[in-house]
Amino acid sequence: MRIGIHGKDFQAKSTRFIDKILEQLKSRKTEIWLSSKFIKQVKTPLLADIKYKTFEQGDNLRSLDFFFSLGGDGTMLESVTYIGKAEVPILGINTGRLGFLAITSRDDIDEALEAVFTGNYKVESRTLLKLNSTPKLFEPLNFALNDFTIMKKDTSSMITVHVFVDGELLNSYWSDGIIVSTPTGSTGYSLSCGGPLVYPKSESFIITAVSPHNLGTRPIVISDKSEITFEIEGRSKKYLVSLDSRFETIDDSVKLKIKKERFLVKLVQLPGHHYFNTLRQKLNWGLDIRN
């Protein structure tokens with residue numbers, strides 16, 4: 001079995017946990033692939049005692065059977081950019097607090113590895129959104145698992161974003177920005193701006209304004225078969241656009257279009273783990289004394 005590993009921003013206490021994973025993979029005669037970024041950040045002498053291959057962002061990883069993401073949700077989003085079109089199943093192993101994407105805790109690593117090697121798991125497919133732009137932005141990583149945003153820059157004044165769905169004007173948003181999120185991203189930035197929770201299998205996009213000037217402005221859920229385009233106005237001629245945690249600066253001459261990406265992200269779901277369980281834990285549902 002071939003397993004790739006990526007992670008970042010480790011604390012000193014994570015070394016023992018990482019050693020445990022590497023030792024178990026070695027004992028199971030796994031072909032280990034490590035990202036160069038992971039190798040630079042991990043401070044363990046164990047790397048000298050195991051055989052491994054290295055990979056960079058942009059390398060073809062189709063030969064991998066699994067990809068382990070060690071960190072939090074931000075690391076998971078970065079891991080998606082490593083996998084890309086390869087659609088290798090990703091297991092998110094959280095080295096800190098439980099996330100919405102990296103939902104396997106370090107305390108469950110023994111059970112997680114056993115499940116992976118015995119086939120006792122499910123694979124859940126998640127939709128990505130794709131940005132087409134003129135000139136080209138973010139390519140070849142012009143896709144996102146969570147969201148795409150347009151935000152004001154270098155000014156305290158709001159901007160106006162005219163949003164079109166399949167060529168029809170949806171609304172002209174006076175706001176600090178606009179978020180287009182996938183169902184997966186509905187628990188991220190969109191949620192903090194008043195957007196709805198959307199089940200990952202819902203085949204939809206969510207459009208949410210950031211601090212809208214008009215109090216009647218509300219998020220809207222549309223089909224992910226739609227194409228969304230934008231026109232931007234503002235006092236400043238520079239704006240920020242993002243795909244997940246990656247940012248670029250543009251001006252109002254840039255043409256932007258959002259649609260569904262052709263490939264998917266595949267997340268490993270272990271026994272006893274479910275999206276609803278994660279929602280209850282993260283949002284403290286069910287803690288009312290009446291339950």
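Helices (H or I, at least four residues) and strands (E, at least two) are DSSP runs, numbered from the N terminus. These views come from a predicted model, in which local features need pLDDT of at least 70, side-chain atom pairs count only at pLDDT 80 or more, and totals for chains, interfaces and linings use all residues. Residues are numbered from 1 along each chain as its sequence is written, and side-chain values use heavy atoms, with hydrogens and water left out.

View 1. Welcome to helix α6, residues 275–283, where Y275, T278 and L279 are buried (under 20% relative accessible area, with a 1.4 Å probe and protein chains only). Looking down the axis of α6, we find its buried residues within an arc of 100°, so they line one face of the helix; the arc is that of the directions from the helix axis to the C-beta atoms.

**View 2. An open sheet of six strands.** Follow the order β9-β8-β19-β16-β11-β12, with antiparallel pairing; two strands pair if DSSP finds at least two bridges between them. At the edges stand β9 and β12 (168–175), each with a single partner strand, so one side of each has no neighbour in the sheet.

**View 3. Strand β8 and its partners.** On one side, β8 (residues 129–134) pairs antiparallel with β9 (residues 143–144) over two bridges, and L129 sits opposite A144 in β9. Six bridges also link β8 to antiparallel β19 (residues 255–260), where K259 stands opposite K130.

**View 4. Strands β11 and β12.** Seven bridges join β11 (residues 159–165) to β12 in the antiparallel sense.

Conventions: Buried means under 20% relative accessible area, exposed over 50%, partly exposed in between (1.4 Å probe, protein chains only).
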